[in-house]
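Subject: Structure handover

Hello,

Here is the structure I promised to pass on. Please open it and keep it beside you as you read.

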Amino acid sequence: MKNILFAFVLIGLSVSAFAQSGPPAGDAKVGEFYGQDVSAKAIKKAISADELNKELKSTPKIAKTSVKGKVTAVCPKKGCWVSLATDSGETFFVKMKDYAFFVPTALEGKTVVMEGSAESKTTSVKELQHYAEDAKKPQAEIDAITEPKTETRFLASAIKVVE
């Protein structure tokens, strides 16, 4: 019985030691990357968020592309998502592929190039409220989310700070 109890305690300590309690530390300096490194070719070919949105009007999903833009928000809970600004003043949502990497909150305000896939997706009210909670929005703002939203979603395999 003691051995079983000891095993559960040991497993619990191991899991909690590896659990992430917040976004990774870091200054998000030019040249730093998260996930895989972004190739020079991808940086050169990167399109704007607005160009991506135009492409998504003719095809529902783009399997591989690179996008350049300014980060407007980073998940303060884990660094597991970011929002990128468009030239038209809107934003689009970026998640990390396979939840494989996280970014520091210092990435906010930086210009990045991301590689990954994109699609136009309708996000449920429940999911939108979850992201608002993660972003520590006031409860009144969370409660005001009552309609699903169709938006550009990007699944990043690589993010590199370029400015």
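Five elements each supply at least two residues of the lining of the largest pocket: strand S3 (61-74), strand S4 (81-85), S5, helix H4 (125-134) and strand S7 (149-161). The space in this pocket comes to about 540 Å³. Its lining counts 20 residues, and the closest to the centre are Leu128, Tyr131, Ala132, Lys137 and Lys149. By class, 11 lining residues are nonpolar, 3 are polar and 6 are charged.

Bear in mind that this is a predicted model. The mean pLDDT of the chain is 87. A value of 70 or more is reached by 88% of the residues.

Which elements have the lowest and the highest mean pLDDT? Helix H1 (residues 2-18) has the lowest, at 41. Strand S1 (residues 33-35) has the highest, at 96. Look at residues 1-18 with care. The pLDDT is below 50 over that stretch. Beyond near neighbours in sequence, residues 1-18 make 0 contacts in the model.

Now the second largest pocket. Its volume is about 310 Å³. The lining has 15 residues, and Asn53, Glu90, Thr91, Glu151 and Thr152 lie nearest the centre. Helix H3 (49-58), S5 and S7 each supply at least two residues of this lining. Which of the elements gives the most to it? That is H3, with 5 residues. The lining of the second largest pocket divides into 2 nonpolar, 7 polar and 6 charged residues.

Next, go back to helix H4, where you will find valine 125. Is valine 125 buried or partly exposed? It counts as partly exposed, because its relative accessibility is 22% and buried means under 20%. Which residues does valine 125 touch, leaving aside its neighbours within four places in sequence? The contacts are Ile145, Thr146, Glu147 and Pro148. Valine 125 and glutamate 147 are 22 residues apart along the chain. Their C-alpha atoms are separated by 5.8 Å.

Then the cysteines. How many disulfides are there? The count is 0. Take cysteine 75, which is in no disulfide. The nearest cysteine sulfur to it belongs to cysteine 80, 3.7 Å away. Cysteine 75 is buried, at 0% relative accessibility. Cysteine 80 is buried as well, with a relative accessible area of 10%.

Last, two backbone angles. Most residues other than glycine have a negative phi. Alanine 28 has a positive one, near 55 degrees. Where is alanine 28 found? Look in the loop between H1 and S1. Alanine 28 counts as buried because its relative accessibility is 0%.

Tyrosine 99 also has a positive phi, of about 55 degrees, although it is not a glycine. Tyrosine 99 sits in the loop between strand S5 (91-96) and strand S6 (111-123). Is tyrosine 99 buried or partly exposed? At 44% relative accessibility, tyrosine 99 counts as partly exposed.

Best wishes

Definitions and conventions
Residues numbered from 1 in each chain as written. Predicted model: local features only at pLDDT ≥ 70, side-chain atom pairs only at ≥ 80, totals over all residues. Heavy atoms only, no water. pLDDT = per-residue confidence, 0-100. Helix = DSSP H or I, 4+ residues; strand = E, 2+ residues; numbered from the N terminus. Contact = heavy atoms within 4.5 Å. Buried < 20%, exposed > 50% of the residue type's maximum accessible area, 1.4 Å probe, protein only. Disulfide = S-S within 2.5 Å. 1 Å grid on protein atoms, 1.4 Å probe; cavity = no way out; pocket = protein on both sides within 12 Å on 5 of 7 lines; lining within 4 Å. Points joined across faces, edges and corners; volume = space filled by probe spheres on them. Nonpolar A, V, L, I, M, F, W, Y, C, P; charged D, E, K, R; others polar.
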